[in-house]
Structures are given as C-alpha cells and as structure tokens.
Amino acid sequence: MFGNLSDRLSDTFKNLRGKGRLSASDIDATLRDIRRALLEADVALEVVKNFIGAIRERALGDEVSKALNPAQQVVQIVNEELTQILGGESQQLRFAKSPPTVIMLAGLQGSGKTTLAGKLAKWLKDQNQTPLLVAADLQRPNAVTQLEVLGERTGVTVFAPEPGNGSGNPIEVAKKAIAHAKKAQFSVVIVDTAGRLGVDEEMMQQAIGIRDAVQPDEILFVVDSMLGQDAVNVAKAFKDGVGVTGVVLTKLDGDSRGGAALSVANVTGAPILFSSTGEGLDAFETFHPDRMAGRILDMGDIVSLIEQAQKTFDEEESRKLAEKIASDSFTLQDFLEQMQQLRKMGNMKGILGMMPGAGKMKQQLEDFDESEIGRTEAIIFSMTPVERNMPKVLNGSRRQRIAKGSGTTVTDVNQLVNRFEQAAKVMKTMSKGGMPNIPGTNPVQMGGAVGGAYIGGKKKDKKKKGSKSGNPAKRAAENQGLDYSGSTETKSGSAFGLGN
Amino acid sequence: MFKFLKRLRGEKDLSVESEPQEKLAVKEAAGNVTASELPGIDSASIHEEKTQEAEQPSQALAAAALVTAQAPSGLEAVELPSRSLGKGVRSLFGDAVDMDELEDILILADFGVETAEEIAAQVKKEAGKQGATTDAELRLLLKDLLTERLIRKDSSLNLEDGKLPYVFLVVGVNGAGKTTTIGKLARWLKDGQWEVVLGAADTYRAAAVDQLATWAERAESPIVRPAKEGADPAAVAYQTVEMAINTAADIAIIDTAGRLQNKKDLMDELGKIRRAVEKQAKISEVLLVIDATNGQNAMSQAKAFTEVADVTGIVMTKLDGTAKGGILYALQKELNLPIKLVGVGEQINDFAFFSPEEFAKGLVAKK
C-alpha cells in the first residue's frame, strides 16, 4: 500500500541527506514535495495543510537547527507527526462491562461492511468470544444472504429475521437482536447495516435509529482505503450523523496509497482499530499506527509481514521446519515447499512491498516476475532426491543436466543454489535466537532507525539478499520482527532470503 | 443521443415497410418514428423508440440513415430511453468562484494535483484574455473548458455493429458497484425492448450470485448461475454467451468478481474469462466500474485492468454522494479511456450516459 508515497518521500529525503545545515528554503522545498506526495496519495487537502504546517513549525525550530544531523531530524519529525495523526499507539476494541458487547458497523456502499462483519466475527470467535451477527442491511439485494453465508463459513450464528431486499425495518431487527443475544447469552453482537451516503439524511436517520436501539459500545466506521479527497466529507458526515468510535480500513491489500487513513483518523479523531487486507476471512488484523507511519517512511512493515506469514504457514509444517533448521538439515526440498507456502500469502510483489527499503527497489519489484517461482520449481523438480537433500553434491555436470532438464541455464541453477545457501545460513542464525533485543514498536526508535536508513550506507543490492544486511536499520527491523514473533517462528525469515 | 442496432421483434416490423424518406423526418419530429427503405439499400428497416429528447429531426435522420446504411435486415436502430445525470453532480463552489482557490477546489474534487494546477492556470489565462471577471463569466469559462476537454467521439456504447449477441464484461475492484451497475443497465436495455441475458460469473463473494439474481428479476431478464459456489467463472461466462445465442438475445452482460488490481492471479483470471467468451462471440465492451469516491487510486485500477482485460469504457458509480469524481478527467486524458456511463443513485433508473456538458454544468452550478 503506501508504496508510492514511500518512494516519493524517499526521493525527497534523499535530497536532504548529508546536509549539515538546512536553510529555510531547503525545508520549504522539501515540504512542497511532501505536500504533493501526500496529495497524490489521496490525503485530504485540509489534513495535508495542517500536517505541513505542523512540520514547518517544528522544522524551523531549535530541534532541527541544533541537531547533529538536521535532515535526519526532519525525517524524525515527519515520522512522529504521521504516527500522531494515525492515532499514536494501537488501540483495542472496547468490550462492555456486562455482555453482550454491541458493535455497530457503518459506512458507504461498497466499503466492505458485510465482509468485515464476517471477518470480525471470526476474529472474535478465535478469541473465545461468542459473537452474533445481525443482518440489519435490508437494503442491498441479498446482503442478508451474504451474511448468512459468511456465518456458515465462520460457524457464527446469524440473526436474520427479515429477508431484506428492501423490505423490513432494520431498527426493529436490531432491537430484537439485542434481546435475543441477551437471552441466548452471546458475548458480542455485530450489527451489519446498509451502506449509506453521508448526505442521505433519511438513511442517516435510520442509522441513528439503529444506534439508539442497540446502544453500541463501538460504532465502527468502515472505510475503503482507496477513498479520495471525499474521505473528509464522508468522515465528517458519519461522525456528525451516527457518531464514530473507531475506524476500520478495508482493502489495504490493494496498491492504494491509503491517504484516506490519514484523513479519516484526523477528521474523526477516532482510532483506527483494524485493517482488512485480503479476500480470505483471516485477512484481518489489528491496526498499528506506528508501523503504518514507518511504512510511509519506507521502513517497511516487517512485523505485519511476519504476522501474515505466521498465519499462512501451516503450524505443523512450521514446527518440522524449525526442527530441520535447528538440526541443520534444511534442504532444497524444504526450500521449495517454503516457497510454495510463501506464494499462498498472496502476491509476491505485495509481500516484498512490505519489506524495509522496498520503496527504493521499486524497479526491482516491478521487474520481479511471479513466474520466477515457477522456474525455481522447475529447477528443483529436475533434481534427483539426493541432490535436493544434499545440495553439496551439485557439481558442474549435474548443474548442466538440471539446467537442461528444467529448460533454464546453468546460471539460473547457480543463482538458485546461492540463494538457497544464503537463506539456509540466515535461518540458521536466526533460529539460534542470538540477536540483540530491540523493544516492540517504539515509534521514536523506529524513527531513529529510519534516519539511519537514509543517511546510512549505499550497499543497496547486497542488502536485499539473504537479509543479514549491513544496513543497521534493516537488520534492526528484522530483529524486531523476529523478536515480536516469538522464538520458534523462524521460518518467516525465509521470506527475506527469497524476497530477492 | 446514441443509436444502437438490436434485433427487430414483434409486430412492429409489419408496419414499417417502405415509407418515403421525407415522411421519416416528419414522424421523427413527432417523436415516434417508423422506418423506411432507403434508396439503394435493401430492406433495412428502422424502428425508433419514443424519446423525450428534443432532437433536431435532420440530425436524427442523418444518424438513423448512417446506422441503417450498415444495418443488415432483421435489425432495428434504436435509442435507449432517456435518462439523465440529473442532480447527480454537486457543485464545486459555495457562493462565489474564487480564482485563487480554484486549484485547491479542483484538488478537493479528486482531479489530482497536476491536472488541477493545469486547469486552474488555463482558466486564469483565459479569464485574463477574455476579460472575464464576474462570477457568472468565470463559471461559464470553467464549464466550457471542462466540457470541451471531456467530449469524445467514442463515449457511446459499442452496440452498433449488428453482430448479435453483444457481449459485455463488467470488471472492477471490490465494492465498486459492478452488480448494481449491471442491474441498472439491464433494466435500461429492457425498457428499450432489448432481450438481455445476465451471467453471474462472480462465483467468489458470498451471495453475489443471489444479489445479481435479484437484479435480474427486477430487470425481467434470465440469469445464468454457476453450477455450484466457487465454480469456474469462465465456464459461467461461456454458458451465458451460449444462452444468449440460443435464445436469440440481443446482449449478454457478464458480472465478474471484484478484484484488486494488484492481485495477479485474479487479474489473470479475467483473461481466461475473455477467452472463454471469445470462443463463441466477440466481446463488444469491457466496462470498468470505478467508484467516484475513490481518489487517485482509480488511475492505478484503470491501468491494471486495461492491461489484462482490454477495457473499452468506464462506468463511474456513486456520483450522487459528495464525491465529484474529478479523476474521470485524468482517466480520459491519460489513459484515453472514455467514460461511458454514470451511476447517480440507489434507484434502478439512476443511471445515464456520461454527458460532459451536464457534468461540467453540475460542477460549476450555483448552489
């Protein structure tokens, strides 16, 4: 997401890099670039203006002129302000003191409310809650059916007394649902509502009616992350209309620059609680403002990446793999399987885009060929079992045979073997867990690390390979990710090895 | 508006033999046209639906003659019932037009920074040249500039080559409004006496098929459903075209699952659907549905979909909200993709051809 914004900011900061002293005109030129980058990322104009104003004030102040490295200081300020707008610390869903907790969803048409209702229900169920889905979207054709199907898939009960398609009273449905939830002892009630435009007063009144009937603990405003400048109007309308206590960003797995996140958070003043990142019912995660700010600043979102990887990787397989790595018996066969699992996580470009420094390897990302995985598969399939399990036996003539068999060249085979060896080495190191600790997601530290990334070295290409980069920022981010993910989850490290 | 060729049906064709050309013009002016055999063209006949559009008879005649000239027998040239953008577009301005804020206002309307800068500069330049200073003059200036730049020759629907059935593929990201668009389009065509077949090739999203089925009912059109949930969308597309051919329908409209433009596998699937359709018929239109509330990401969507699915036109939905849909300007200019249709409300009739003039008028209107 934010990919393009990262690129732009990277370019902007590159110009500042290395300057011992920043003049007012340096700062103004940089701010102009930032303004434009943010506008092109669909951050709302008024938010951009405020943002730029705040940064200018601080950038012209003492903290920059007295800093050892002023450029780094500007980066730091931008990072802090971004995090600030996005809501600082990540926030938790509020649960009612006495169940049921009532969560009401509201938003524009097509923002993804119904799908989100299903994901949220599944997420709650995984946390041992007993959610009840309420079908109060009686407007859109077969929204009720859609919710019922989602309920079936997630194993969550759906309260749908009305068939919908324009008939029935959603307020009545909502009222009955609460009574039902109390009686049947559901712990959380999720009320799906019809999509409505902010300017549609009648529909907004209906939303208010539903709200008053269910007395929600949370009113979640569901926002399409592709929203443009209108995000401000929409957010205002919902805030002033039905009220907003939390925000959910959907379709974050697209390539939208996601400026709407900034706009909506700023206008509603409500925290962004969750983000929805894919088609599957599991593609749903807690939103981390600091990580997002880091991502905008080309820090990559290594922690999210690892969490995503954890979900996809089969636990049993992971355990086996961890053992293999520990016992030094990681083979090309495992490498292949891993790669295939990696592909399950989704589009490789998307995954790579989350990695630190990815903004700068945009071209490489563009060039990254999904069929690369197919080619790798072909090469490994052309090996004998012995070769797969003991890559050391791969001499010249074997490599030649493999190249022929897989329709590739010896160079391709060599590259694959090199990559494998690097990945194996990295994972081995990681599995020993001998890395220095860097605490969770402290934005200030992240900011510092960012600065380092820009002002630091230029050994771009090597860094990408095999992850043990010479770049302190990236290594820190990796460690951080691992740290976050716990001790045995080492296999995600392979993403770095492959991600080249 | 636009003239299209559809199958000639029912008793209408009995009354329309050999009327002299002059009478055609007269009847057309009366708003109800029957047809003619034009000199030198064998037995082609025209039937005009009643239209509320006050069109110049001579123009209409010329258009009819043009279509007729290529029309094989058994077809008729028709217009779709008149629908208008109406109040679908909200004004950019509050009370007065402020030249200094024009750029910001255009940015707020999602025109994009570059476009906004360019248009604002151009308007200022023109205003200086023409000495336009009053509010009304400035509004007119902006309206004319936008209209002139938005008008294109290819903003009609590709329903004129007479090679029936026409096949429309409707694509877009999740939640853009594809299914609703199809429902509205089907109803519109049905109101114009077209025989429509709908294909529910969104086999992914829960209950998407049922949603389309409800629209099919409202549009009184048959629908081809997948054999089971998660079935191959290409198979559904194939069967839809097959049914359109077997029932001698005029048009088949195929719904596809929403997909974000950066999901390669899903995007590739569109290619497969295309190929499945093309086994039996040519694809007349690939309509990309774009949500007007989307910002600059719409450009990325259009680029990606054009690449894999050969988009022929854009449908802009949800223009009735506070979003102005300014990105459509850049879409036409940068990608050379015509905006063809717009969705302007929840009701089944809130759907119209994109009219640059009405759009520009709406943007500069006094509140």
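Analyst: Let's begin with one bridge: B:Y166 has B:I251 as its bridge partner in β6(B). That bridge belongs with the pairing of β3 (residues 166-172) and β6 (residues 251-256) of chain B, which run parallel over 5 bridges. Strands here are DSSP E runs of at least two residues, helices are H or I runs of at least four, and both are numbered from the N terminus; two strands pair if DSSP finds at least two bridges between them. A word on the source: this is a predicted model, in which local features need pLDDT of at least 70 and side-chain atom pairs count only at pLDDT 80 or more, while totals for chains, interfaces and linings use all residues. Residues are numbered from 1 along each chain as its sequence is written, with chains lettered from A and ligands numbered from 1 in the order in which they are written.

Stepping back, the open sheet in chain B has 8 strands in the order β5-β4-β6-β3-β7-β8-β9-β10, with mixed pairing. Its edge strands, β5 (223-224) and β10 (351-353) of chain B, each pair on one side only. Helix α8 (residues 233-246) of chain B packs on the sheet and touches β3, β4 (196-201), β5 and β6 of chain B; touching rests on contacts, meaning C-beta atoms, placed from the backbone, within 7 Å. The direction of α8 makes about 170° with that of β4(B), where angles run from 0 to 180 degrees between N-to-C directions and axes are lines fitted to C-alpha atoms, for helices over the stretch in contact. Helix α9 (residues 264-278) of chain B lies across β3, β4, β6 and β7 (283-291) of chain B, at about 175° to β3(B).

Now for the wider picture. The largest nonpolar core has 202 residues, and B:I253 is among those with the most contacts inside it, along with A:L133, A:V134, A:V189, A:I190, A:V191 and A:V247. Such a core is a set of buried Ala, Val, Leu, Ile, Met, Phe, Trp, Tyr and Cys residues joined through C-beta atoms within 7 Å; buried means that 20 or more other C-beta atoms lie within 10 Å of a residue's own.

As for the two chains, 38 residues of chain A are in contact with 35 residues of chain B. On the chain A side, α2 (24-40), α7 (143-154), α10 (231-240) and α16 (348-353) give two or more residues each, and α7(A) gives the most, with 4 residues.

Definitions and conventions
A residue is buried if 20 or more other C-beta atoms lie within 10 Å of its own, exposed if 12 or fewer, and partly exposed in between; C-beta atoms are placed from the backbone.
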